[in-house]
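The sequence and structure are shown below.

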Amino acid sequence: MKHTKVKDLLNSTTTLQEVNAKGWVRTFRNNQFIALNDGSTINNIQCVVDFENTPDETLKRITTGAAVSVIGTLIESKGAGQKYEIQVNKLEILGDSDAEKFPIQPKNKPSLDFLRENAHLRVRTNMFGAIMRVRSVLSFAVHNYFQQKGFVYVNTPIITGSDAEGAGEMFKVTALPFDNTPRTEDGKVNYKEDFFEKETNLTVSGQLEGETYAMALGQIYTFGPTFRAENSNTSRHLAEFWMIEPEVAFNNLDDNMDLAEDFIQYVIKYALDHCQDDLKFLEGRLLDEEKSKPQAERSEMALLEKLNFVLENNFKRVSYTEAIDILRDSTPNKKKKFQYLINEWGADLQSEHERYLVEKHFKCPVILFDYPANIKAFYMRLNDNTEPGRETVRAMDILFPGIGEIVGGSEREERYDVLIEKMKALEIDEEELSWYLDTRRFGSATHAGFGLGFERLVLFVTGMTNIRDVIPFPRTPGNAEF
């Protein structure tokens, strides 16, 4: 008999039918009631066992974590909290779970740190089942949004010879032996003997390659893994994460901000429409977690309220210069509460500054634009008519409550001669990026794009506070388990 998903059973409109359900035991109480979950929904279905006619040997094997198959009659439930239950006629243990060794027991309420150490099993909990279903729906929404708007999905290289961000914090890719690495006469690694015959790395961004495709296909997007060898052991950083990067020919900075705002609002609304049960559960989890925090540290809005707030309010657009003035005159800056004090124009904003602007000053999502040129990447378009020493670029960052920066983007420098000058000033090898410069040599045009770290979006939508809890197997400094 073909089994039916728990989600479909709970949404059924027909009772007194014989059904087959398969899943994992969450709890088994009174030798009679199995809470069965198969991952299709946050909700369990109760399966009522006729314990008097079930062998003791079988009952002892119904333990938390065990995989079981039940065949029985779907009936209206007499108990509170569930619409239907299954009156079990036949039960089969598909896979045993040793109750004393299974690390995730409902009674113990394991900590998030403990669950991270058991990332291969944590998805069996309600919390992580909900997070991963929301992540899956958001991933679909990303593709849905761009496909509906006629964007072309492009798979940019994971192994690359270019450093799009110019940060140098990249994972090297090599097939050379570490114990006998070939060297040149001056003692440097001889990459000519390596697999690609040149120095290569894991990508930090697909943007540069994406630009070349936008300059032929008009509007493209990438959605793939990116890697940063940045030794940031924080709740906001991962060494391996997923990045969404649209790039649009003929768009300027204003178009770019419009696209980013519309995109974010679309995917959040999609999650609200398709993940109601999971988001309600995660909202309750967040409320419980915040009860232990001092009142001043608690969120002003519940999770669903916060998500709807983003949908119902236009993002506030503020220039970097205006933001610096606000921060310089702010109470935490004057009272030296900021870890990084803002004294002058040109400072690189930190997460504490971004969150102050969003959570305390404007109390809504904020788009900062026109940043100082010397703190942004070489490919960002230089603004015209800026005063010497205060040159700005057509960059923009979107700041969210609880997260800080969630999106970074810019109008790209489309002028060949200006781009060349910027590359020379930063000692970027023109020959290495000659293919990129070709897009400025042959039919250059205004274009713009942005990058959105997918995990930061999932973090915001689920209300979680640590980015390691919104990706199946987090990769962080000192940790590449599983």
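Which residue in β16 does glycine 409 stand opposite? Glycine 409 faces phenylalanine 450 in β16.

The model is predicted: local features need pLDDT of at least 70 and side-chain atom pairs count only at pLDDT 80 or more, whereas totals for chains, interfaces and linings use all residues. Residues are numbered from 1 along each chain as its sequence is written, and side-chain values use heavy atoms, with hydrogens and water left out.

**Strands**

Helices (H or I, at least four residues) and strands (E, at least two) are DSSP runs numbered from the N terminus, and two strands pair if DSSP finds at least two bridges between them. Strand β15 (residues 404-411) is antiparallel to strand β16 (residues 447-453), with five bridges between them. Strand β14 (residues 392-400) also runs antiparallel to β15, joined by six bridges; here aspartate 397 has glycine 408 as its bridge partner in β15. Three residues separate β14 and β15 in a hairpin, and glycine 402 in the turn has a positive phi of about 80°. Six of the eight residues of β15 are buried, so this strand is largely enclosed by the rest of the structure (buried means under 20% relative accessible area, exposed over 50%, partly exposed in between, with a 1.4 Å probe and protein chains only).

Elsewhere, five strands form a closed barrel in the order β1-β2-β3-β5-β4, with mixed pairing. Within it, strand β1 (residues 17-29) and strand β2 (residues 33-37) run antiparallel and share five bridges. Arginine 29 stands opposite phenylalanine 33 in β2.

**Salt bridges**

The structure holds 28 salt bridges, each a side-chain nitrogen of Lys or Arg within 4 Å of a carboxyl oxygen of Asp or Glu. Three of them are listed here.

| Pair | N to O distance |
|---|---|
| Arginine 116, aspartate 469 | 2.8 Å |
| Arginine 355, glutamate 359 | 2.7 Å |
| Arginine 441, aspartate 438 | 2.5 Å |

Arginine 116 and aspartate 469 form a salt bridge that links distant parts of the chain, 353 residues apart: arginine 116 lies in helix α3 (residues 112-117), and aspartate 469 in the segment after α14 (454-462). Both residues are buried. Arginine 355 and glutamate 359 lie four residues apart in helix α11 (residues 351-362), about one turn of the helix. Arginine 355 is partly exposed at 32% relative accessibility, as is glutamate 359 at 22%. Helix α13 (residues 434-441) holds arginine 441 and aspartate 438, three residues apart.

**Cysteines**

The structure holds zero disulfides (a disulfide is a pair of cysteine sulfur atoms within 2.5 Å). Cysteine 47 is buried at 0% relative accessibility, and cysteine 364 is buried at 12%.
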